[in-house]
Amino acid sequence: MDQDAAFAEFVQAHWRSLVRAAVFLGAQAHEAEDLAQATLVKCYTKWSLVSAATDQDAYVYRMLLNTLRSDRRKLSWKLRSVTVAEPTIGDGSEAAAIADAVHRAMAGLSKDQQEVVVLRYFVQLTEAQTAAALGIPAGTVKSRLSRSLAHLSASNHLAEFAGGAR
């Protein structure tokens, strides 16, 4: 398979996951698409390195994180929470309410905690891949996840979706 075809296949397989990861890292939907696109442009220009990487997923998500961090430094934009109108019964807004609650709860985490949670649970990288993507030891991934999950489980934003009263 030639390089362009391999890259096209890679893009098709990873596009949605890159956009979703960027959204859960705090980007608005249009910004997430821009970040994913910028990351893929970098992947294309360095395709020989990406395709030769031992763990392509970790390599590419590290590129996404670096792109996100660089954009935030350049534009000095902060994490924004998405607001959704009050849900009404029967119009399918429960999913929007859940997404809003997750975004609000995630906004209560530190940047480092958000990155670990997104890569590990939303992107579903392994602990080793998450550690490689973030450039931290696997033990740090585990400890950040533990603290993050404790914080999320205590979040008032998610209480009504937890299945039990607090």
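pLDDT is the predictor's confidence in each residue, on a scale from 0 to 100. The structure described here is a predicted model, in which local features need pLDDT of at least 70 and side-chain atom pairs count only at pLDDT 80 or more, while totals for chains, interfaces and linings use all residues. Residues are numbered from 1 along each chain as its sequence is written, and side-chain values use heavy atoms, with hydrogens and water left out. The protein chain contains eight helices and zero strands; helices (H or I, at least four residues) and strands (E, at least two) are DSSP runs, numbered from the N terminus.

**Confidence**

- The protein chain has a mean pLDDT of 82, and 84% of its residues reach 70 or more.
- Among the elements of the chain, the highest mean pLDDT, 92, belongs to helix 7 (residues 127–134), and the lowest, 79, to helix 5.
- Over residues 77–85 pLDDT stays under 50, and the model has 19 contacts beyond four places in sequence for this stretch; a contact means heavy atoms within 4.5 Å.
- Where pLDDT is low, the predicted coordinates should not be read in detail.

**Overall organisation**

- From the N terminus on, the order of elements is α-α-α-α-α-α-α-α.
- Of the 166 residues in the protein chain, 39% are buried; buried means under 20% relative accessible area, exposed over 50%, and partly exposed in between (1.4 Å probe, protein chains only).
- Among contacts between residues at least 6 apart in sequence, 62% join residues at least 24 apart.

**Helix 1 and helix 2**

- The axes of helix 1 and helix 2 (residues 29–45) come within 9 Å and cross at roughly 145 degrees; axes are lines fitted to C-alpha atoms, for helices over the stretch in contact, and angles run from 0 to 180 degrees between N-to-C directions.
- Residues of helix 1 that take part in the contact include Phe 7, Phe 10, Trp 15 and Leu 18, and those of helix 2 include Leu 35, Leu 40, Cys 43 and Tyr 44.
- By class, this contact of helix 1 with helix 2 has 15 nonpolar, one polar and two charged residues; Ala, Val, Leu, Ile, Met, Phe, Trp, Tyr, Cys and Pro count as nonpolar, Asp, Glu, Lys and Arg as charged, and the others, Gly among them, as polar.
- Leu 25 lies in the loop between helix 1 and helix 2 and is buried, at 1% relative accessibility.
- Leu 25 and Met 106 are 81 residues apart in sequence, and their C-alpha atoms are 8.5 Å apart in space.

**Helix 5**

- The end C-alpha atoms of helix 5 (residues 94–107) are 20 Å apart, which agrees with the 20 Å that its 14 residues should span at 1.5 Å a residue; the expected span is 1.5 Å times one less than the number of residues.
- Buried residues of helix 5 include Ala 97, Asp 100, His 103 and Met 106.
- The buried residues of helix 5 pack against helix 1 (3–24), helix 6 and helix 8 (138–153).

- Glu 115 belongs to helix 6 (residues 111–122) and is buried, with a relative accessible area of 3%.
- Not counting residues up to four places away in sequence, Glu 115 touches Leu 25, Leu 65, Arg 69 and Leu 134.
- Gln 124, in the loop between helix 6 and helix 7, is exposed at 64% relative accessibility.
- Although Gln 124 is not a glycine, its phi is positive, at about 65 degrees.
- Gly 139, in helix 8, is partly exposed, with a relative accessible area of 46%.
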